[in-house]
Amino acid sequence: MADIVPPEVRSRMMAGIRGRDTKPELKLRSGLHRLGLRFTLKSTLPGKPDLVLPRHRVIVFFHGCFWHGHDCPLFRMPATRQEFWQEKIGKNRERDATVSASLKAAGWRVAVVRECAIRGAGKRPWEAVCGDLAAWIREGQGQALEIVAMDR
């Protein structure tokens, strides 16, 4: 099936999708800050983490379900250019796994907050997402945490 918009329009649309400082990211930062957790946004660590909490040796990623191929109701493979999207999303997933493994090997704990946790039918209240993440950070238990929708 052909794309319904010309390539230059599609390119402009895709370029408008923000990679940093999205509304959900800002809300997550605000919630953690209100709970007394301090973090940095600048990092030379692999994977360009969204938040780094050096004091706790924690990295936080906020992953969109589409771009990271999360198996949830928010992810649907596009009907057009399926080979391209399968390859792109597959590489994103591989990169996520590699980055997570290298960070853990370097002694970092890695948390991933998925888009479905805050959007869609199974979304959780922001306070619960921030509270669960803050509790995991402070407890120091476990090398990894993934926060997803309630019905998952």
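This is a predicted model: local features need pLDDT of at least 70, side-chain atom pairs count only at pLDDT 80 or more; totals for chains, interfaces and linings use all residues.
**Entry 1: two helices crossing**

I started with how helix H2 passes helix H4, and I noted a right-handed crossing. H2 covers residues 23–34 and H4 covers residues 126–139. I jotted down a reminder for myself: two packed helices are described by the angle between their axes and the distance between the axes. For this pair I found that the axes come within 9 Å and cross at roughly 60°. That makes H2 oblique to H4, because an angle has to reach 65 degrees before it counts as roughly perpendicular.

Which residues make the contact? On the H2 side I listed Pro24, Lys27, Leu28, Gly31 and Leu32. On the H4 side I listed Trp126, Val129, Cys130, Leu133 and Ala134. I then sorted the residues of this contact by type and got eight nonpolar, one polar and one charged.

**Entry 2: Glu25**

While I was in helix H2, I also looked up Glu25, which lies in that helix. Buried or exposed? Glu25 has a relative accessible area of 5%, so I wrote it down as buried, the cut-off being under 20%.

**Entry 3: aromatic rings**

Next I searched the whole structure for aromatic pairs and found five. A pair of aromatic rings is described by the distance of the centres and the angle of the planes, so those were the values I wrote down. Phe66 and Trp67 make an edge-to-face pair, with 5.0 Å from centre to centre and 80° between the planes. Trp67 is partly exposed, at a relative accessible area of 26%.

Phe84 and Trp85 are another edge-to-face pair, again with centres 5.0 Å apart and planes at 80°.

**Entry 4: two arginines with positive phi**

Most residues other than glycine have a negative phi, so I went looking for exceptions. One of my finds was Arg57, with phi near 55°. Where does Arg57 sit? Arg57 is in the loop between strand S1 (51–53) and strand S2 (58–63). At 35% relative accessibility, Arg57 counts as partly exposed.

Arg81 also went into my notebook, with a positive phi near 50°. This arginine is in the loop that runs between S2 and helix H3 (82–105). Arg81 has a relative accessible area of 52%, so I marked it as exposed, which takes a value over 50%.

**Entry 5: back towards H4**

I finished with Pro125, in the loop between strand S3 (109–114) and H4. Pro125 is partly exposed, with a relative accessible area of 45%. What separates Pro125 from Met150? Along the chain they are 25 residues apart, and their C-alpha atoms are separated by 9.9 Å.

Key. Residues are numbered from 1 along each chain as its sequence is written. Side-chain values use heavy atoms; hydrogens and water are left out. Axes are lines fitted to C-alpha atoms, for helices over the stretch in contact, and angles run from 0 to 180 degrees between N-to-C directions. Helices (H or I, at least four residues) and strands (E, at least two) are DSSP runs, numbered from the N terminus. Angles under 35 degrees count as roughly parallel, over 145 as roughly antiparallel, 65 to 115 as roughly perpendicular and the rest as oblique. A crossing is left-handed if the near helix is turned anticlockwise from the far one by less than a right angle, and right-handed if clockwise. Contact means heavy atoms within 4.5 Å. Ala, Val, Leu, Ile, Met, Phe, Trp, Tyr, Cys and Pro count as nonpolar, Asp, Glu, Lys and Arg as charged, and the others, Gly among them, as polar. Rings of Phe, Tyr and Trp (its six-membered ring) pair if their centres lie within 6.5 Å; planes under 30 degrees apart count as stacked, over 60 as edge-to-face and the rest as tilted. Buried means under 20% relative accessible area, exposed over 50%, partly exposed in between (1.4 Å probe, protein chains only).
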